[in-house]
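Have a look at it first, then read on.

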Amino acid sequence: MDVAEKKQVRKLKKSSLLWKTFKSQKMLYAMSLPFVAWVFVFNYLPVWGWTMAFQNYIPGNPFWQQEWVGFYHFIQLFQDERFFLALRNTLAMSFLGLLFGFTIPIVFAILLNEVRHSLFKRVTQTITYLPHFVSWVVVAGIVTKMLSTDGGIINDLLVGMGILDQPYQFMAEGKWFWSIVTISDIWKEMGWNAIIFLAAIAGLDPQLYEAAKVDGASRFRQIWHITLPGIRPTILVVLILNIGHLIQIGFEKQMLLSNSLVMEYAEVLELYALNYGIGLGQFSYGTAIGIFNSVVSIFLLLLANGIFKRYSNQSVM
Amino acid sequence: MANPSDLYQTTVREKIFDVVNYLFLSIVIVITLYPFLNVLAISLNDSTDTVRGGIYIWPREFTLNNYLEILKYDNLVTGFVNSVLRTVLGTILGVFIQAMVAFTLSRTDFQGRRFVSVVIVLTMYFSGGLIPGYMLIRDLGLINSFWVYILPGLVSAFNIIIIRSFIDGLPFSLQESAKMDGANDFVIFYRIILPLCKPVLATIALFVAVGQWNSWFDTYLYNSMNDSLTTLQYELMKILDNTAMGGSQDANLMRPNDEQQVNRVSPQSIKMAITMVTVVPIIMVYPFVQRYFIQGMTLGAVKQ
């Protein structure tokens, strides 16, 4: 019994120590626990809502009175032609976004770094940040204005140079929509996304360049053999983050840039969920689309991670 | 500067590279700035004259009338007030709370650290989705309420991580000496840590403020029935609405069309004046915090 008693005492001592630290740290708890509760409500609780996808959810009825329908909504989903269009659009635009939204800022950062004139460099940088801070509402307005058939600069230029005979309705043609979204995104975010690469390039050892110059390496060779390998770790980190963002394909730009004429190319899964779920009040169907969207996102993430792992021996997750 | 490379003559190829590079970057500048200048020029041009077209970067018939005209749109004035309110309140509350949580997570002696950290960081990797999120807001009674702009995004995991990595870089001895003097943890946070975090807090404040100022979707989803809760971006969205060219069919169920019938007739110049009003506050602020956000961006990405 002696041993057991000692154990008991030690246990008590330990728990009283825990209690003591708890008491001495009560302020730290008071400063953090309320916000744990906060994210529980706003971030974790909605996941419970996924049960709606398996019910014929009727708002206002208590949970236990909802009718359970299993995978009915998912089966409906796979029979809807519009769903497959939305899936295609989602995949196409997230792929284009990853491809160009990632590479172009690197090229821009490298070219900007080659500028010797420091005022020109600073001014260019400051100007290219600007669109990042402007809302998509404004950007969509600007894009529509630039591409408009009456007085839009793009049409004026194309007609002026004789490439087009008459103004072209870019915003009304579905086949242009993906390009418009991708290019608008680049216009908005290129300067901002280059920040991190510029910082990485600035951190490279200038002696490397000196040595290369002594050896007679041209600027292209310096870029290829010093700058690019030097910022490789940064490129990988950003690629990882970008792949992580595949999950948040987003619908804001599609929603703001689209109109009924291009819906066939503009409606992404989330927009489809929004139109059905809230627009038509079909909450269960909308939730099912949302769940499918999450599944696609995770699938994309895993796929990209697999490819990435093969070529770099590093992993996102 | 005694640079040995100066001794080497730049070759013709390098010169060409430089010329092409400057040319290319200048084109980038033009493409970035032109739309803003165009919007500005149209907003300062007489609205009936604008219809004739041909305004590029300089107004033909200068006037400030378009800006005065905006004041007649009641919703725009209410929207402006609400946008300012949500930006100010959301930024102050958000930055303070995020800094406070970040502080507790930087305390390696904090028992609950792991738990708090995991619960909060996980939120970056999943989301309940649009519809369940909407149902939650509805169940919480936040529809038709100003608080829907402030509350849901208050605890941002991403921002907390950035602030935390900044606090981690501060010497811990500062906290210890304060503790010896009998200061409790909140006092340490408020009196010692907060003032030292100015650079990172400036960055986060910029992020939060821009996010608040620019958001329109929450107004559209939750408060579109209530004109007294409208925001500037939402009003702009309705006025600029791109569906104007195609007319709306059932594919566009979610677009509120009733009011647009009125707004559709608002002249080009007035639309552009409203655009300027939403853009100018941001243009005025961001160059001043530029040196901070570059620091913050780099910190955030490296520490992830």
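## Getting to know the two chains

According to an unreviewed UniProt entry, chain A carries the feature "transmembrane region" at residues 27–45, 91–112, 230–251 and 283–308. Keep in mind that what you're looking at is a predicted model. For chain B, the UniProt record (again an unreviewed entry) puts "transmembrane region" at residues 19–37, 84–103, 115–134, 146–167, 188–210 and 270–289.

What do some of these spans look like in the model? Here are four of them, two from each chain.

| Span | Helix and strand | Distance between end C-alpha atoms |
|---|---|---|
| Residues 27–45 of chain A | 100% helix, 0% strand | 26 Å |
| Residues 91–112 of chain A | 100% helix, 0% strand | 32 Å |
| Residues 19–37 of chain B | 100% helix, 0% strand | 26 Å |
| Residues 270–289 of chain B | 100% helix, 0% strand | 30 Å |

**A look at chain B**

How many helices and strands does chain B have? The count comes to 14 helices and zero strands. Read from the N terminus, then, the elements of chain B go α-α-α-α-α-α-α-α-α-α-α-α-α-α. Chain B has 304 residues, and 38% of them count as buried. Take the contacts in chain B between residues at least 6 apart in sequence: 72% of these join residues at least 24 apart.

Chain B is also split into domain 1 (4–63) and domain 2 (69–303). Where the two meet, seven residues of domain 1 of chain B are in contact with eight residues of domain 2 of chain B. On the domain 1 side, helix H1 (12–43) and helix H2 (47–50) of chain B are the elements that give two or more residues. H1(B) gives the most to that side, with four residues. By type, the domain 1 side divides into three nonpolar, four polar and no charged residues.

**Where the chains touch**

**The nonpolar cores**

Which residues touch the most other members of the largest nonpolar core? They are Val137(A), Ile289(A), Ile163(B) and Ile204(B), in a core of 108 residues. Helix H10 (residues 198–214) of chain B supplies the largest share of this core, 10 residues. Another core lies apart from it, with 14 residues, among them Ile106(A), Leu112(A), Ala200(A) and Ile201(A).

Leaving out residues up to four places away in sequence, Ile289(A) touches Leu77(A), Leu269(A), Tyr272(A), Ala273(A) and Tyr276(A).

**One leucine to finish**

Last stop: Leu239(A), which sits in helix H11 (residues 232–244) of chain A. Is Leu239(A) buried or partly exposed? Leu239(A) counts as partly exposed because it has 19 C-beta neighbours inside 10 Å, while a residue needs 20 or more to be buried. Leu239(A) also shows how the fold brings together parts of the sequence: Leu98(A) is 141 residues away from Leu239(A) along the chain, and their C-alpha atoms are 8.7 Å apart in space.

How values were computed:
Residues are numbered from 1 along each chain as its sequence is written. Chains are lettered from A and ligands numbered from 1 in the order in which they are written. This is a predicted model: local features need pLDDT of at least 70, side-chain atom pairs count only at pLDDT 80 or more; totals for chains, interfaces and linings use all residues. A nonpolar core is a set of buried Ala, Val, Leu, Ile, Met, Phe, Trp, Tyr and Cys residues joined through C-beta atoms within 7 Å. A residue is buried if 20 or more other C-beta atoms lie within 10 Å of its own, exposed if 12 or fewer, and partly exposed in between; C-beta atoms are placed from the backbone. UniProt positions are given in the numbering used here, feature names are shortened, and annotations may be inferred rather than shown by experiment. Domain bounds come from an automatic or database domain assignment. Ala, Val, Leu, Ile, Met, Phe, Trp, Tyr, Cys and Pro count as nonpolar, Asp, Glu, Lys and Arg as charged, and the others, Gly among them, as polar.
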